[in-house]
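I opened my notebook to look through one structure, entry by entry.

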Amino acid sequence: MVKAERVCKSFGALRVLKGITLEIERGQVLCLVGPSGSGKSTFLRCINHLEVVNAGRLYVDGELVGYREKNGKLYEMPAKAAAKQRRDIGMVFQHFNLFPHRTALENIIEAPTQVKGTKKVDAVKRAKDLLDQVGLAEKANAYPAQLSGGQQQRVAIARALAMDPKLMLFDEPTSALDPELVGEVLGVMRQLAKDGMTMVVVTHEMGFAREVADQLVFMDEGVVVESGNPRELLANPQQDRTKLFLSKLL
Ligand code: ADP
Ligand code: MG
């Protein structure tokens, strides 16, 4: 579903991604961990067209992201084609990013009705199912300010799912939450993984990574330091940088 080959990204002279290579099979969960500033968000943003890679190749579901290839040369993709690719990818941010003046239900139907042209009655029906799925059937008419952080994040997940994405990206989805609210969001993500969604999750929740992820990738300073089965990697990290990072988390 995702294939990165030596992906590089710089901002001016600052080299942030220095050749990321990894692969995620359909239906797999990959947890991406590493110190602040190591390039985790930038990598997710490249997958989701919020940044354009400078070198290397990034594929989602077999399609090159952001570029078209012709006679071995790459051309930046027209905005419309990029928007089309992006529709199939859901993203959940640390700070929920719900529209504050719209109810939970209105937040969820926005993209399907505006971007996909789904009929409003159909979008509403689907939104109600999704609210039920994330345990918030009662909150359809609540505004974000009337919801806890954990509830807002679950609405944000439902909103991303409303576009029927084939891939979901999570960028520290529980980092802004009070500790007692983390579990409800991770629970929704765990169920999503069980249902077969392909997911890339940037997180510091090692319990989640151990239980749910098929692959754990440790990144530092724009490179993959090591990766593998989460249980094995957490129990027996090989690299000093990984050991140091993990020891600080515990
Ligand atoms: P992480 O998510 O692992 O904490 P980021 O991907 O957010 O790391 O950032 C990696 C580095 O890239 C940081 O040094 C950050 O300041 C820099 N960076 C990220 N986005 C931009 C940008 N749009 N312009 C300039 N520098 C950026
Ligand atoms: Mg980040």
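**Entry 1: the pockets**

I began with the second largest pocket, where helix 2 gives the most to the lining, with three residues. Helices (H or I, at least four residues) and strands (E, at least two) are DSSP runs, numbered from the N terminus. I noted that this is a predicted model, in which local features need pLDDT of at least 70 and side-chain atom pairs count only at pLDDT 80 or more, while totals for chains, interfaces and linings use all residues. Residues are numbered from 1 along each chain as its sequence is written, chains are lettered from A and ligands numbered from 1 in the order in which they are written, and side-chain values use heavy atoms, with hydrogens and water left out.

I needed the rule for spaces. The search uses a 1 Å grid over the protein atoms alone. A cavity is a set of points where a 1.4 Å probe fits but cannot get out. A pocket is an open set with protein on both sides within 12 Å along at least five of seven lines. Lining residues have an atom within 4 Å of a point. Grid points are joined across faces, edges and corners, and a volume is the space filled by probe spheres set on the points.

The second largest pocket holds about 180 Å³ of space. It has 13 lining residues, and E63, A81, K84, Q85 and D88 are the closest to its centre. I sorted the lining by class: five nonpolar, two polar and six charged residues. Here Ala, Val, Leu, Ile, Met, Phe, Trp, Tyr, Cys and Pro count as nonpolar, Asp, Glu, Lys and Arg as charged, and the others, Gly among them, as polar.

Next I took the largest pocket, with about 560 Å³ of space. Of its 19 lining residues, R86, I89, M91, A111 and M163 are the closest to the centre. Helix 2 (79–87), strand 8 (89–92), helix 3 (104–116) and helix 5 (149–161) each give two or more residues to this lining. Which element gives the most to the lining of the largest pocket? I found that helix 3 does, with five residues. The classes here are 10 nonpolar, five polar and four charged residues.

**Entry 2: the cavity**

How many cavities of 30 Å³ or more are there? I got one. The largest cavity has a volume of about 40 Å³. Its lining is Q133, V134, V188, Q191 and L192. Helix 6 (residues 179–194) supplies the largest share, three residues.

I traced an open sheet of six strands in the order 8-9-10-3-11-12, with mixed pairing. Two strands pair if DSSP finds at least two bridges between them. Strand 8 and strand 12 (223–228) are the edge strands, and each pairs on one side only. The twist averages 15 degrees from one strand to the next.

I then looked at strand 10 (residues 198–202). Is it mostly covered or open? It is mostly covered, with five of its five residues buried. Buried means under 20% relative accessible area, exposed over 50%, partly exposed in between (1.4 Å probe, protein chains only). In a regular strand the side chains alternate between the two faces of the sheet. On one side of strand 10, T198, V200 and V202 are buried, and on the other M199 and V201 are.

Strand 3 (residues 29–33) pairs with strand 10 in the parallel sense over four bridges. There L32 stands opposite V202, and V29 stands opposite M199. Strand 9 (residues 167–171) also runs parallel to strand 10, joined by five bridges. F170 stands opposite V201.

Helix 6 lies across strand 3, strand 9 and strand 10, at about 150 degrees to strand 10. Contact means heavy atoms within 4.5 Å. Axes are lines fitted to C-alpha atoms, for helices over the stretch in contact, and angles run from 0 to 180 degrees between N-to-C directions.

I found four strands in an open sheet, in the order 2-1-4-5, with antiparallel pairing. Strand 2 (14–24) and strand 5 (63–64) each have a single partner strand, so one side of each has no neighbour in the sheet. Strand 1 (residues 2–11) and strand 2 are joined by eight bridges. C8 has K18 in strand 2 as its bridge partner. Helix 1 (residues 40–47) lies across strand 1, strand 2 and strand 4 (55–60), at about 65 degrees to strand 2.

**Entry 3: H49**

I ended at H49, in the loop between helix 1 and strand 4. Why does H49 count as buried? Its relative accessibility is 17%. Leaving out residues up to four places away in sequence, H49 touches V65, G66, A82, Q85 and R86.
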